[in-house]
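Please keep the structure at hand as you read.

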Amino acid sequence: MIQLPEPPTTAGAAIPAHTPHAVSVTLPTWQDNIYYEEGNPIVTSKMECGYPRFFIHPLIQKLSARLVAKFGKPNDSCMLFPSHKVAESCRAFMHRYYQQPLGTIRIAEFEIVAPESHERVPIHIVLFPQDAFPIAKQFWQHSGDIISSRMAEYCLSILDGKQNSPEPTKQEIKPKLTLGGRSQSHYGSKHTKQSKHEEEKVSEEQTTYLEERYGRNLPVQFAKNAKVALRRRIAGILTDVSVGDRLITSNVEEQRQLKGERGIQGLSEEDVYLYPCGMSAIFHAHQNAMAIGDASLKSVCFGFPYTDTLKILQKWGAGCHFYGLGEDKCIDELEQRLQAGERVLSLFCELPSNPLLKSPNLKRLRSLADQYGFLIVVDETIGNFCNVDVLSWADVVVSSLTKVFSGDSNVMGGSLVLNPKSIYYKQLKDALKHDYEDLVWSEDAVFLERNSRTFKERSKIINQNAEALCDFLVSHEKVQKVFYPKYVCREYYDAVKHKTEDAGYGGLFSVLLKDEKSAAQFFDTLKCAKGPSLGTNFTLACPYTILAHYTELDWANEYGVSRFLVRVSVGLEDREKLLSMFKEALDAVN
């Protein structure tokens, strides 16, 4: 039996409790979620953290305040980014939505250097008037090209080491004379020459926690190995080899000869790209679609997606056609549009979708894409590649590694995988040579690699727990509907579901009770962790529509996403304990 810590119950507490880089925050009651959305200090003043794209981590806030004081003007605010290219993208976005004279938004570029290790950390600060902060925050949230709280912690540790100095020294902050040029890797993938002894040391210590072994010194060579391991694990090729030994010397050409766990021959680690978070992978999938296609064409958002996917397609490029129901009749409408002569650039969808767990008819969409010449990008986060094979039917597959792949809810990450069989494969590879930057912070890569070693085993348990729980809920008299791939669009989910016995319907579902009062009673009584995010090793619930669409509740309801929907991400708890927990919560509903 897996022992999980008791979930925190105090509003604003980190989930998991006492985790400095947690990616969720406790919002234990229905009203707490409303207070959060309204910016009420009853909740917001207590928040230790939040989901990093929506809530800027306190360590990043601290670093930002220190740097804007040094480089900014009075009444300036700022946003920190991991590369010059990202900072320029933010400035271009702000120029579109903040109508002020050129020069109002500036970029400062500099490095923080640890004298004892000479490890250089480039930081790129976008400076702007305080009233422009909401626009900069939109870019941060939508693009996902954010800096890591661990990176901010590392930078602060260097600055605080000289905190008695009246001014930072040249060793601490090193401004550059020019703003151009990007390095191949900012965060831990430098090709440093290692001695045989160093390589053996990395191999020996591969399972040791970073904090225990290395303190605040970045293990650059270890992070490089971890990223290779991550790419191979995501590709489903040679996943069970050592991080420090055979893994590094394996031949990519050998990988391409295999038919790995994804079932596609020709796939290798070189077809996997790592990003700071899942939304960053989606953002860059769209950027590269525009790079290889006609950027004047609209894209298609098929099905009701996680909110920022739609925002990306609407705010960058020519816009999009939104088929929010994601059903067969929507494909009919799309086909009629295409038959009438309209062309589209790309189609983005989720399988299954969040939060309604709908699966599109991916094979029919593939047929239309082949006939009318557009890319298909599929977000596999909810289904995950242990359960579904969507790469065979997509040109690009994206995923949030923050979720079940990691499970521990203490690190962000994302991936983009190219289908080597796609007719757009070479064009996408060429585009990514120009677009791609490795912006994954070294420590985050190490945590992701360590967390994901048990990904397949955890996925199997979560599948079984979720199915048992949904089977109980779907027949309960107080439950109006359960949204879960076993009951929703099952034909299309099963069409891409792996045939192995470990494959299942994933760990996410949404439940609908008769009204908001009942939903609030159920939610408030539920004794699991309660906050944003999903795919955690522990069960995590939230009033999804309140959190994701509070300012557009009527619009969301048009697509079947009810205001009083409760979304549940099932964890690794004992199954009987889970069933008892949900029964007790339903018993509390009048």
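The structure holds 7 cavities of 30 Å³ or more. A cavity here is a set of points on a 1 Å grid over the protein atoms alone where a 1.4 Å probe fits but cannot get out, and lining residues have an atom within 4 Å of a point. Grid points are joined across faces, edges and corners, and a volume is the space filled by probe spheres set on the points. This is a predicted model, in which local features need pLDDT of at least 70 and side-chain atom pairs count only at pLDDT 80 or more, while totals for chains, interfaces and linings use all residues. Residues are numbered from 1 along each chain as its sequence is written, and side-chain values use heavy atoms, with hydrogens and water left out.

The table sets out volumes and lining classes. Ala, Val, Leu, Ile, Met, Phe, Trp, Tyr, Cys and Pro count as nonpolar, Asp, Glu, Lys and Arg as charged, and the others, Gly among them, as polar.

| Space | Volume | Lining by class |
|---|---|---|
| Largest cavity | about 240 Å³ | 18 nonpolar, 5 polar and 2 charged residues |
| Second largest cavity | about 130 Å³ | 6 nonpolar, 9 polar and 1 charged residues |
| Largest pocket | about 950 Å³ | 20 nonpolar, 13 polar and 11 charged residues |

Start with the largest cavity. Its lining counts 25 residues, and I147, S148, S149, M412 and D444 lie nearest its centre. Helix α6 (residues 149-160) is the top contributor to this lining, with 3 residues; helices (H or I, at least four residues) are DSSP runs, numbered from the N terminus. Domain 1 (58-143) and domain 2 (222-450) each supply at least three residues, with domain bounds coming from an automatic or database domain assignment.

For the second largest cavity, 16 residues form the lining, and those closest to the centre are I382, V404, G507, L508 and G535. Helix α18 (residues 455-474) provides the largest share of that lining, 3 residues. Here at least three residues come from each of domain 2 (222-450) and domain 3 (453-588).

Now to the largest pocket, where a pocket is an open set with protein on both sides within 12 Å along at least five of seven lines. Of the 44 residues lining the largest pocket, F54, Q141, Y306, T307 and D308 lie nearest its centre. Two or more lining residues come from each of α1 (30-38), α5 (133-143), α12 (278-292), α13 (307-315) and α21 (544-549). The most come from α5, with 5 residues.
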